[in-house]
Amino acid sequence: MSSAPRPAPADPDAPVDPDARADPPADPDAPAAPPVGPRDLLVAALYALVVVLLAASGVSNSGFLVESGSWSRTVSVALLLVACVSLIWRRRHPMITLAVAGPIGVAEIIGGGQISAYFLLFEALFDPVMHGSRRLALWTTRIAIATAAAAILLGLGLGLSGPLVFLIAMIATLVVMTPLLWGWEVRHHRDARQSAEQLADLEHELAAARADHAVETERRSIAHDLHDVIAGHLSAVSLHTNLASALEDPRDRDRSLATARDSAHAALRDLRSMIGVLSAEDAGAQPQVTLDWPSLTARLRGRDPEARVTIDPAVTDPARVEPSVQAALLRIGAEAATNAVRHGRAPITMDVQVGERAVMLALHNRRADDSLPGTGVGRGAIAHRATAVGGTATSGPAPADAPEAGTWRVRAELPARAVAAAPVEAEAEIAAGAGTSTRPPTGTDDTGTDDAAAAPAPVRSVPADHEARSTVPSTEEPCR
């Protein structure tokens, strides 16, 4: 069997554009130090050409110490050419330019007289501020200002004439302050641009993270609806079809099959509703699910005909219980009922009571001996739905020494008015619920759907009656 050819490794001797990369600076405040490239060689060559042309043209200035200069023009040109060579490292190592071109330029201005010395001194002060680290730029500024001040004080101390001292002050100010101010201005603009680019990149990353989070939240919400509603219907279908095959009485068999058929129809309606929401253009659409307290009651009594179910009618009264709390409690009850139907056995009891400030749910059932362990996702979902509205929920087996030993208990207490939970607390609650929910093989757990906790979908409430009708809107006939 032939395999695809591997790409050839990069040739270490291949030519590389010297301006294509830059070494990371040792100082975090310093800009990246690019390698010496054709651009630097060209700048050094241009300065050397200026030195030679100005010297050949005879344009010069008298030195400050000696009227005709302290050394010959040939010496001046040689010194200035050495300074031009140091400009090759003006971007990579501006300290070299400062240490070489700076003193040569000052010496030529004082004792030589070549005009090109002013240009080289300008470059010697500008490059460290522009291309060096912040520390080097600060020290360059301090040294240049101190040198200019010392030159003025020296002129006064030597008793030079007023016009000459004024000339020294003017030249020192122009030659020193101009490159410093210009260099700092360009440096500040460059730093501001880099900061803006970093902020823009960060904004793009945050926007992408928000988009990913929104997609993940929507995915979890859909998975949670599937887990809470459709999985419960399918569990009832599986239970009643298995039960029908074991019943001998034709009427009981038909009743069990009818219940399984109704549950299958309810699952199909809920699935169509969710598909419609996913296909709709309205971003705020919510699935219309066939989930209400009577359907949970029917589901429990399908498992245990003698199940004791007590639902306080006030649980669907928006004046007593906020709609978001109603939805959270209904989803908790659906998860608990699904677990009891799949993993539990008779006797089963569910009690929902509304107090002055809180609403409580308690569901107890015996633990089936042949129950398979679940993934623990449902327990984390129960804890999260309670935490999302500021309540608490626990689920697990009763202690061995308790009067209710051998039963599985789900208890939830939610505030009548939702209280926003801190995100960190909610995440910790999810992790605690999912991480500690591994139960023994005979325990009661969830349906095993691999979903994560999601906030309950907003719902509309309808007036309460004795059976506490649905707190989730439905356009279909509720299942029996």
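**Confidence**

What pLDDT does the protein chain average? I get 75, and 72% of the residues score at least 70; pLDDT is the predictor's confidence in each residue, from 0 to 100. This is a predicted model, so I take local features only at pLDDT of at least 70 and side-chain atom pairs only at 80 or more, while totals for chains, interfaces and linings use all residues. My numbering starts from 1 along each chain as its sequence is written, and side-chain values use heavy atoms, with hydrogens and water left out.

Contact here means heavy atoms within 4.5 Å.

**Overall**

I looked up the secondary structure and found 11 helices and five strands. These are DSSP runs numbered from the N terminus: helices are H or I with at least four residues, strands E with at least two. Of the 480 residues, 42% are buried (under 20% relative accessible area; exposed is over 50%, partly exposed in between, 1.4 Å probe, protein chains only). Among contacts between residues at least 6 apart in sequence, 74% join residues at least 24 apart.

**Helix α3**

Where does helix α3 bend? At A101, by about 25 degrees, and P103 follows within four residues. The bend is the angle between axes fitted to the seven residues ending there and the seven starting there. A101 is also one of the buried residues of α3, which include L98, I104 and I109. The buried residues of α3 pack against α2 (73–86), α4 (116–131) and α5 (134–157). After the helix comes G113, with a positive phi near 120 degrees.

**Cores**

Next, the nonpolar cores: sets of buried Ala, Val, Leu, Ile, Met, Phe, Trp, Tyr and Cys residues joined through side-chain atoms within 4.5 Å. The largest has 36 residues, and W293, L300 and L414 are among those touching the most other members. Helix α9 (323–343) is one of the elements giving two or more residues to this core, as are β2 (344–354) and β3 (358–367). α9 gives the most, 10 residues. I listed L414's contacts, skipping residues up to four places away in sequence; V325, L329, I332 and V359 are among them. Another core, of 33 residues, lies apart and includes A48, A83, L120 and L136.

**Rings**

How many aromatic pairs are there? Three, counting Phe, Tyr and Trp rings (six-membered ring for Trp) with centres within 6.5 Å; planes under 30 degrees apart are stacked, over 60 edge-to-face, the rest tilted. F122 and W182 are edge-to-face, at 5.8 Å centre to centre and 70 degrees between planes. F126 and W182 are edge-to-face as well, with 5.9 Å between centres and planes at 65 degrees. F126 is in helix α4 and W182 in helix α6, so this pair ties together parts 56 residues apart in sequence. F122, F126 and W182 form one aromatic cluster.

Which of these are buried or exposed? F126 counts as buried at 14% relative accessibility, F122 as partly exposed at 22%, and W182 as partly exposed at 48%.
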